[in-house]
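Here are a few notes to read alongside the model.

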Amino acid sequence: MIPGIAPKPAAPPVAAAPQPRHMFVFGAGFVGRYVSERLLAQGWQVSGTCTSAVKKKELEMLGINASVFDATESNLENIHSLQQATHLLISIPPIPGIGDPLLHSNEDLRRILSHGNLEWLCYLSTTSVYGDCGGALVDEDHTVNPKTESAKLRYEAEKGWLNLINDPNLSAFIFRLGGIYGPGRSALDTLAKSKSLSQRQKLRESKQYTARIHVADIYQAVLVSMSMRCARKIFNVVDDDPAPRAEVFAFARSLMEGRPDLITETPGVNSTESDFQERIVPAEKRVSNARLKKELGVKLLHPTYRSGLQSILDSWQAESQLRDRSR
């Protein structure tokens, strides 16, 4: 060292490039697409599956790397983006007689995901796994008692996904969702399109309690859960008001009063069902969201159906004003 001259400091070590965030969505339907669009806006890479070439094209136009995938026939090995995923959202319902079609290929799925970069997975389940609780308030520690075939298969899928990969660094979540609604899928949409209720929906009208959740709040829960490291947790993702469906439709009708411009006549069209058809069984319960608020810190954007439906109507009115100004 030359006297009077300070030694040149050593160069700091070069930090490793952060792992790019890559969400893979099995079943990019209503919820999966909503989540995907918002993650893309935040700079994420997003891949996912759909069931037709038409839907594939729609997803690709949004920037999603989409694959047409038949969960009962397609080979997981052909979905090359799956192994690059850091996050995995599962939104594919069980199939009667089979169960969760992805877990049916358990060994292939485990091998692909175990050799990848997976940090987080979340399976979207349903509050129907609790069965009929006589109107009692149920939390995530309440004994599950599924009565229908779909609910029983959902519960089996929950266990399968939680135990799929034995990696202490993997965060795995089960979200037990209430009835999902949002823009394009709500009581307002049913009324605006003059849709008649399906027989299944009519039978649900008699229920005293109905758990529900706005899709924007599902997205909130997904986003916040990603910051919980090395966790294996079940969360009820529902709002604060398990109001009966009849009350929700009455409020929706009141919002539509005096707005004939919002009605699109499509008589005789029944609403589609997201799960396979089966008989309705009594399933009265009030579902607690205390853990969602306390442990995830989620502050619901739409704590009741009133806020959620009003936001949908407000978005319609804003879109209508934009169209009027562009003419």
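1. The buried residues of H4 pack against strand S4 (87-90), helix H3 (106-114), strand S5 (120-126), strand S7 (171-177) and strand S10 (232-237). Contact here means heavy atoms within 4.5 Å, and helices (H or I, at least four residues) and strands (E, at least two) are DSSP runs numbered from the N terminus. Please keep in mind that this is a predicted model, where local features need pLDDT of at least 70 and side-chain atom pairs count only at pLDDT 80 or more, while totals for chains, interfaces and linings use all residues. Residues are numbered from 1 along each chain as its sequence is written, and side-chain values use heavy atoms, with hydrogens and water left out.

2. The buried set in H4 consists of Ser 150, Ala 151, Leu 153, Arg 154, Ala 157, Glu 158, Trp 161 and Leu 162. Buried means under 20% relative accessible area, exposed over 50%, and partly exposed in between (1.4 Å probe, protein chains only). Looking down the axis of H4, these buried residues fall within an arc of 165°, so they line one face of the helix. The arc is taken from the directions from the helix axis to the C-beta atoms.

3. In H3, the residues Leu 109, Ile 112 and Leu 113 are buried. They cover an arc of only 90° around the axis, which puts them on the same side of H3. S4 and H4 are included in what covers them.

4. How do H1 and H2 pack? Helix H1 (residues 30-41) and helix H2 (residues 53-62) meet at an angle of about 25°, with their axes 10 Å apart. The axes are lines fitted to C-alpha atoms, for helices over the stretch in contact, and angles run from 0 to 180 degrees between N-to-C directions. H1 and H2 are therefore roughly parallel to each other, a label for angles under 35 degrees. Arg 33, Glu 37 and Leu 40 in H1 meet Glu 58, Leu 59 and Leu 62 in H2.

5. Arg 185 sits in the loop between strand S8 (179-181) and helix H5 (187-192). Arg 185 is partly exposed, with a relative accessible area of 32%. The C-alpha atoms of Arg 185 and His 214 are separated by 9.9 Å, and the two residues are 29 residues apart along the chain.

6. Finally, the whole chain: the protein chain has ten helices and eleven strands, and of its 327 residues 46% count as buried.

Terms used: Parallel < 35°, antiparallel > 145°, perpendicular 65-115°, else oblique.
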